[in-house]
Amino acid sequence: MNESDIEDLKKQLSIARNEIKNLRQQISNLQFVHQKDVHTIRSALENFQCESCRSNSGKLPDAEQPGNDHDESNPASVLFSPIGVIRTAFSEKRAVPRQANVASKLISRVELNPTIFNNPEHSIQGLESFSHVWIIYHFHRNQAHLKAKVAPPRLGGERVGVFSTRSPHRPCPIGLSLVQLDRIENSTIYFYGTDMVDETPVLDIKPYIPQYDVPGKIDEQQFYSSREAPDGEETVEQATASSSKSSNTSVAVPNWIANGSTLKVVFNVNSDQQVEELTVDKQSIADILKADPRSVYLRTKYGSQIYTFQLGENTVTCKFDDQNSTVNVLQVRKVVNLSDMNERTDDKDVK
C-alpha cells in the first residue's frame with residue numbers, strides 16, 4: 001500500500017466520522033420529536049371528552065364531527081361545521097411557515113364540502129375577480145391553549161400576551177391567513193401562501209378589499225363614493241386609490257416584529273443535484289429555512305443541529321450554523337414508504 005492509498009483511506013475515514021456524527025445528531029433530534037409526540041398523545045388522551053362534554057366546554061368540534069350553530073343549553077358555547085378542507089404540502093406541523101407570505105411560491109388548495117351547499121361552486125362565484133382572499137380556519141392539531149402568555153420564536157423565550165401574537169396556540173384555536181388567489185376550478189380554490197398543515201378545516205372565506213382592510217383615513221367624499229358599491233364590487237382603481245389615500249396613516253408594530261432577522265440558505269452540490277432530479281421548488285425550501293422554522297426550545301437547547309422536515313413527497317435534511325446565521329441544505333430525497341420497503345424485501349426473500 002503506497003502513500004497515496006493511505007491518504008485516500010484517511011479521507012474516507014474522516015468522511016465516515018462526519019457521517020456518524022451527523023447520524024448521532026439526527027438520532028438525538030428524532031428522540032426529541034418522539035418525546036414530543038408521546039407528550040402530545042398523552043395530553044390528548046388525558047383531555048379527551050365525549051361530544052356532549054366538548055359542547056359544554058365550548059371547544060370547537062373535530063373536523064369529522066358535525067357542529068351546531070348554537071347550543072342553547074350553554075349560551076357561552078359556539079360550534080361550527082367546517083365548510084371545507086385545506087390541502088397543502090405539509091403533512092406534519094414541523095417547518096410549516098409561521099406566516100402565509102414566507103413560502104409564497106407554494107401552491108395549496110381549499111376543497112369545499114359538498115354537503116354544505118347543493119352546488120358548492122355557486123358559493124364562490126365572483127371570487128375570481130379578487131387577487132387575494134382571507135381564509136379563516138381551525139387549528140385542528142392544537143388543543144385549546146388557556147395560558148395568557150406565550151413565547152414567540154423571535155423573542156427568544158420571552159413571554160408576551162397571547163393576543164399580541166399570531167401564535168397558533170390560543171384559547172380558541174382559530175387561524176386567519178391572507179393568501180393570493182391563483183385560480184378556481186369548480187368548487188376548489190387554488191392559492192399561493194401556505195402556513196397551514198394538510199387537512200386543516202376551513203371555517204370561512206372572505207375577499208380581501210384594500211379599501212376596507214388597509215388602515216387609513218377616509219374622507220367624506222371617498223366614504224360616500226365607496227358606499228355606492230355593494231361589498232366586493234369596487235373596481236381595482238377604486239381600491240388602489242383608497243389604499244394610496246390612506247398612506248398617511250401611521251401603522252405601528254413592536255420592534256421584535258419589525259426587526260426580524262433572516263438566515264442565509266446554502267445548497268451543497270449533492271442537494272442541488274437532488275432538487276433538480278426531483279423537480280422540487282428550490283426557492284420554497286429556501287424561503288422556509290430563511291425564516292428559521294425551529295422552535296425556541298430546539299434553537300436554545302440544541303443550537304447548531306441537523307434538522308429535517310417533510311415537504312410534499314420529499315424530506316429535506318439541513319444543518320443550522322447559528323454562529324454564522326447560515327443553513328446548509330445537505331439532502332433532499334423522496335419520503336421512504338416503509339410498507340413499500342417491506343414488500344420489496346418480501347419479494348427478494350421469495351426469489
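I began with Asp-287, which I located in helix H8 (residues 282-290); helices are DSSP runs of H or I with at least four residues, strands are runs of E with at least two, and both are numbered from the N terminus. Asp-287 is buried, at a relative accessible area of 12%. On this scale buried means under 20% relative accessible area, exposed over 50%, and partly exposed in between, with a 1.4 Å probe and protein chains only. With neighbours within four places in sequence left aside, I found Asp-287 in contact with Val-102, Ala-103 and Ser-104, where contact means heavy atoms within 4.5 Å.

I note the basis of these entries: the model is predicted, local features need pLDDT of at least 70, side-chain atom pairs count only at pLDDT 80 or more, and totals for chains, interfaces and linings use all residues. Residues are numbered from 1 along each chain as its sequence is written, and side-chain values use heavy atoms, with hydrogens and water left out.

I then looked up Ile-184, which belongs to strand S6 (residues 174-185). Ile-184 is partly exposed, with 26% relative accessibility. Not counting residues up to four places away in sequence, Ile-184 touches Ile-124, Leu-127, Glu-128 and Ile-189. I also recorded its separation from Arg-109: 75 residues in sequence and 9.2 Å in space, C-alpha to C-alpha.

Next I turned to the aromatic rings. Rings of Phe, Tyr and Trp (its six-membered ring) pair if their centres lie within 6.5 Å; planes under 30 degrees apart count as stacked, over 60 as edge-to-face, and the rest as tilted. By this rule I count four aromatic pairs. For Trp-134 and Tyr-208, the ring centres are 5.9 Å apart and the planes stand at 65 degrees, so I list the pair as edge-to-face. This pair links distant parts of the chain, 74 residues apart: Trp-134 is in strand S3 (residues 132-138), and Tyr-208 is in the loop between strand S8 (200-207) and helix H3 (210-213). Trp-134 is partly exposed, at 22% relative accessible area.

The rings of Tyr-137 and Phe-139 are also edge-to-face, because their centres are 5.4 Å apart and their planes are at 80 degrees. Tyr-137 is buried at 3% relative accessibility, and Phe-139 is buried at 16%.

I checked charges over rings, the criterion being NZ of Lys or CZ of Arg within 6 Å of the ring centre and within 35 degrees of the ring normal. The charged end of Arg-94 sits over the ring of Tyr-307, 4.2 Å from its centre. Lys-282 lies over the face of Phe-267, with 4.8 Å to the ring centre.

Met-1 is exposed, at a relative accessible area of 75%.

Finally, I took the totals. I find 10 helices and 12 strands in the protein chain. Of its 351 residues, 32% count as buried. Among contacts between residues at least 6 apart in sequence, 66% join residues at least 24 apart. The accessible surface of the protein chain is about 22,500 Å², and 50% of this belongs to carbon and sulfur atoms; accessible areas come from the Shrake-Rupley method with a 1.4 Å probe, and for residues only the protein chains shown count as cover.
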